[in-house]
Amino acid sequence: MGEQYAAAAASGRAADVILAAGLASQGDGVRGLMLTRGLALHLWRMRHLGDTSGFEAVVAVVDDWLYAKARRERFKTGFERSPELVVRPALTWWLDSTCRACSGRGHPLIPDTPVIDDSRRCAECGGSGHARLEREVRSDYHYAAKAVVNELDRICAEVFGNMRSHLRSGV
Ligand SMILES: [Zn+2]
């Protein structure tokens, strides 16, 4: 993702590019919903520009999609329809998975000091600096949360991969 991209998204031109790519009329599932409601751009803006104005709109669409998927696939774990349990924490994690306990350092601070204790690993993330998705949701929602994150990754790869190739070709 380069500067050309950022400029396009900021100017609103990216929306035109998505339409030009002919994606809006295709698509199914959450991808189709995102595209037809113009939400794919929100995803990108949240992740790369820190603009979270579309957060709730995205949560609503992803929750619809997840609910339909859970019914279709007969999720074994009890699926209650509540964005608080799965979609909201999964989207929050997807946007920023920095471990909150150590602020991504991977090591704890020496108690009552601002000094990083390099000799120990952060107990929350095991030293990786990244929060684990499994810790953000209840254990019976791990599968659903993982499905949400995979879907968001897929949408971004697909939509923005397509945008990029259209921007390159001068559409
Ligand atoms: Zn940590």
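Glycine 54 and leucine 41 are 13 residues apart in sequence, and their C-alpha atoms are 9.0 Å apart in space.

Before going further, a word on what you're looking at. This is a predicted model, in which local features need pLDDT of at least 70 and side-chain atom pairs count only at pLDDT 80 or more, while totals for chains, interfaces and linings use all residues. Residues are numbered from 1 along each chain as its sequence is written.

Now step back to the whole chain. The protein chain has seven helices and zero strands, where helices are DSSP runs of H or I with at least four residues, strands are runs of E with at least two, and both are numbered from the N terminus. Read from the N terminus on, then, the elements go α-α-α-α-α-α-α. Of the 171 residues in the protein chain, 27% are buried. Take the contacts between residues at least 6 apart in sequence: 61% of them join residues at least 24 apart.

How far does the predictor trust all this? That's what pLDDT tells you: it is the predictor's confidence in each residue, from 0 to 100. The protein chain averages a pLDDT of 78, and 71% of the residues score at least 70. Where pLDDT is low, the predicted coordinates should not be read in detail.

In helix α4 (residues 39–49), Leu39, Ala40, Leu41, His42, Leu43 and Trp44 are buried. After α4 comes glycine 50, with a positive phi near 70°. How do α4 and helix α5 (residues 55–72) pack together? Their axes are 10 Å apart and the angle is about 125°, with axes being lines fitted to C-alpha atoms, for helices over the stretch in contact, and angles running from 0 to 180 degrees between N-to-C directions. That makes α4 and α5 oblique to each other, since angles under 35 degrees count as roughly parallel, over 145 as roughly antiparallel, 65 to 115 as roughly perpendicular, and the rest as oblique. α4 passes α5 in a left-handed crossing. On the α4 side, the contact is made by Leu39, His42, Leu43 and Met46, and on the α5 side by Phe55, Ala57, Val58 and Val61. Those contact residues divide into seven nonpolar, one polar and no charged; Ala, Val, Leu, Ile, Met, Phe, Trp, Tyr, Cys and Pro count as nonpolar, Asp, Glu, Lys and Arg as charged, and the others, Gly among them, as polar.

Next along is the pairing of α5 with α6. Their axes come within 10 Å and cross at roughly 120°, so α5 and α6 are oblique to each other too. Val58, Val59, Val62, Asp63 and Leu66 in α5 meet Val87, Arg88 and Leu91 in α6. Here the contact residues come to six nonpolar, no polar and two charged.

Finally, follow the chain into the loop between α6 (87–95) and α7 (142–168), where you'll find valine 115. Is valine 115 buried or exposed? It counts as exposed, with 10 C-beta neighbours inside 10 Å. Leaving out residues up to four places away in sequence, valine 115 touches Leu109 and Ile110. Serine 103 lies in the loop between α6 and α7, and its phi is near 55°, a positive value in a residue other than glycine. Serine 103 is exposed, with 12 other C-beta atoms within 10 Å. Aspartate 112 has its place in the loop between α6 and α7 as well. Its phi is positive, near 65°, and aspartate 112 counts as exposed with 6 C-beta neighbours inside 10 Å.

Terms used:
A residue is buried if 20 or more other C-beta atoms lie within 10 Å of its own, exposed if 12 or fewer, and partly exposed in between; C-beta atoms are placed from the backbone. Two residues are in contact if their C-beta atoms, placed from the backbone, lie within 7 Å. A crossing is left-handed if the near helix is turned anticlockwise from the far one by less than a right angle, and right-handed if clockwise.
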